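Dear colleague,

I am passing on a structure for you to look through, and below it I have written out what was found. Please keep the model open beside this email while you read.

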Amino acid sequence: NLKAWTEVLKAGGTMSLAEVIEPAVRFASRGIKASQYLHDTIVQMEDVIRRFPETAATYMPNGKPLQPGDHVDRSDYARTLRAISENGPDHLYKGVLGEIVCDYLSRNGGIITTQDLADYKTVKRKPIKGKYRGYELFGPPPPSSAGVHIAEMLWFRNADERTADVVGPVVEHAAEPSGAASGLTLEHDTAMATDVQERSEV
């Protein structure tokens with residue numbers, strides 16, 4: 001989420017957007033070597049990739065999947081990153097990049113428009129908060145599932161290790177416009193770490 005990351009950078013960062021993006025630009029400019037995993041994924045998704053000529057040009061040059069060790073050209077991505085670095089997030093949300101993206105999407109069955117990008121706003125929510133071995137942990141709240149899953153896994157790990165420092169995350173977030181859950185609580189027995197209760201309110 002480009003807008004979210006740039007807002008966080010502006011609010012609490014110590015570097016400019018150009019400084020933050022530069023390593024990614026440098027990395028993309030050099031390209032990468034295809035791994036066995038990348039090769040296997042391309043083979044698995046070959047029929048889908050062929051539907052998109054731009055993607056196929058990168059991952060299936062000359063009509064064949066990249067082999068392990070082949071060079072993966074990411075120069076186009078490097079140019080995109082550098083343009084964002086020079087023009088800021090509005091290059092996507094209100095600028096040329098957004099027009100290119102929406103044109104591509106419309107030609108391939110997408111529904112996102114330049115007006116959608118221009119109207120896009122981030123939503124701030126309270127993060128999930130928990131403890132593990134004396135450390136205070138924070139993670140993304142619903143609708144993202146990552147924070148809850150990580151908190152649960154560490155909570156059960158504590159139970160397995162029979163430590164006293166168990167995780168007891170409490171999640172609170174604003175109601176979604178779509179009517180999604182407006183709250184979720186994960187409670188625990190601090191002595192035995194044997195019970196997890198999830199409560200959602202619509």
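Helices (H or I, at least four residues) and strands (E, at least two) are DSSP runs, numbered from the N terminus. By that definition, helix α2 is followed by Gly 31, whose phi is positive, near 80°. This is a predicted model, in which local features need pLDDT of at least 70 and side-chain atom pairs count only at pLDDT 80 or more, whereas totals for chains, interfaces and linings use all residues. Residues are numbered from 1 along each chain as its sequence is written, and side-chain values use heavy atoms, with hydrogens and water left out.

The protein has 10 helices and 7 strands, and 28% of its 202 residues count as buried (under 20% relative accessible area, with a 1.4 Å probe and protein chains only).

Helix α2 covers residues 17-30 and packs against helix α6, residues 75-87, at an angle of about 170°, with the axes (lines fitted to C-alpha atoms over the stretch in contact, with angles from 0 to 180 degrees between N-to-C directions) 8 Å apart. The two helices, α2 and α6, are therefore roughly antiparallel (an angle over 145 degrees).

Within α2, the buried residues are Leu 17, Ile 21, Val 25 and Ala 28. An α-helix has 3.6 residues a turn, so residues three or four places apart point the same way. What covers the buried residues of α2 includes α1 (2-12) and α6. Finally, α2 bends by about 30° at Pro 23, where the bend is the angle between axes fitted to the seven residues ending there and the seven starting there.

Best wishes

Terms used. Angles under 35 degrees count as roughly parallel, over 145 as roughly antiparallel, 65 to 115 as roughly perpendicular and the rest as oblique. Buried means under 20% relative accessible area, exposed over 50%, partly exposed in between (1.4 Å probe, protein chains only). Contact means heavy atoms within 4.5 Å.
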